[in-house]
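Hi,

Here is the structure I promised to pass on.

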Amino acid sequence: MSGVWVFRNGVVRLVENPGAEAVDGGRGGRRRVLVHTASNEVITSYAVLEHKLSSLGWERYYDDPDLLQFHKRSTVHLISLPRDFNKFKSMHMYDIVVKNRNSFEVRDM
């Protein structure tokens, strides 16, 4: 079984061809953004994201020079992100949402 797990409105489903769902009326793919729900702020950089995560108890790891990694001491969770924010994709956003259910959400723009 291959595809992408999509979380929308509290429902999880497997999408076999995620590229097909990104097409919006022939205008190309929809842009998705990560939103901090408490402040309704769109995450526009890793500096903003790191500030929000640190306030939730996440600590930065510096082991891998190619990744930004965050760990929360009270859990076994690890968030790994590409160093370049331009490569920050929806799969990374959903990883953050799953590990911080009440603090972030992904929205279509």
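**What I found**

E59 has H71 in strand 6 as its bridge partner. (Strands here are DSSP E runs of at least two residues, helices are H or I runs of at least four, and both are numbered from the N terminus.) Before going further: this is a predicted model, where local features need pLDDT of at least 70 and side-chain atom pairs count only at pLDDT 80 or more, while totals for chains, interfaces and linings use all residues. Residues are numbered from 1 along each chain as its sequence is written, and side-chain values use heavy atoms, with hydrogens and water left out.

**The sheet**

Strand 5 and strand 6 run antiparallel and are joined by 4 bridges; two strands count as paired if DSSP finds at least two bridges between them. They belong to an open sheet of 3 strands, in the order 5-6-7, with antiparallel pairing. Strand 5 (58–61) and strand 7 are the edges, each with a single partner strand, so one side of each has no neighbour in the sheet. On average, neighbouring strands of this sheet are turned by 25° against each other, direction ignored. Helix 2 packs on the sheet and touches strand 5, strand 6 and strand 7, its direction making about 175° with that of strand 7. (Touching, or contact, means heavy atoms within 4.5 Å; axes are lines fitted to C-alpha atoms, for helices over the stretch in contact, and angles between N-to-C directions run from 0 to 180 degrees.) Helix 3 lies across strand 5 and strand 7, at about 160° to strand 7.

Which residues of helix 2 (46–55) are buried? They are Y46, L49, K52 and L53, with buried meaning under 20% relative accessible area and exposed over 50% (1.4 Å probe, protein chains only). They sit on the same side of helix 2, because they cover an arc of only 125° around the axis, taken from the directions from the helix axis to the C-beta atoms. A47, H51 and S55, on the other side, are exposed.

Strand 1 (4–8) and strand 2 (11–15) pair antiparallel over 5 bridges, and F7 stands opposite V12.

Cheers
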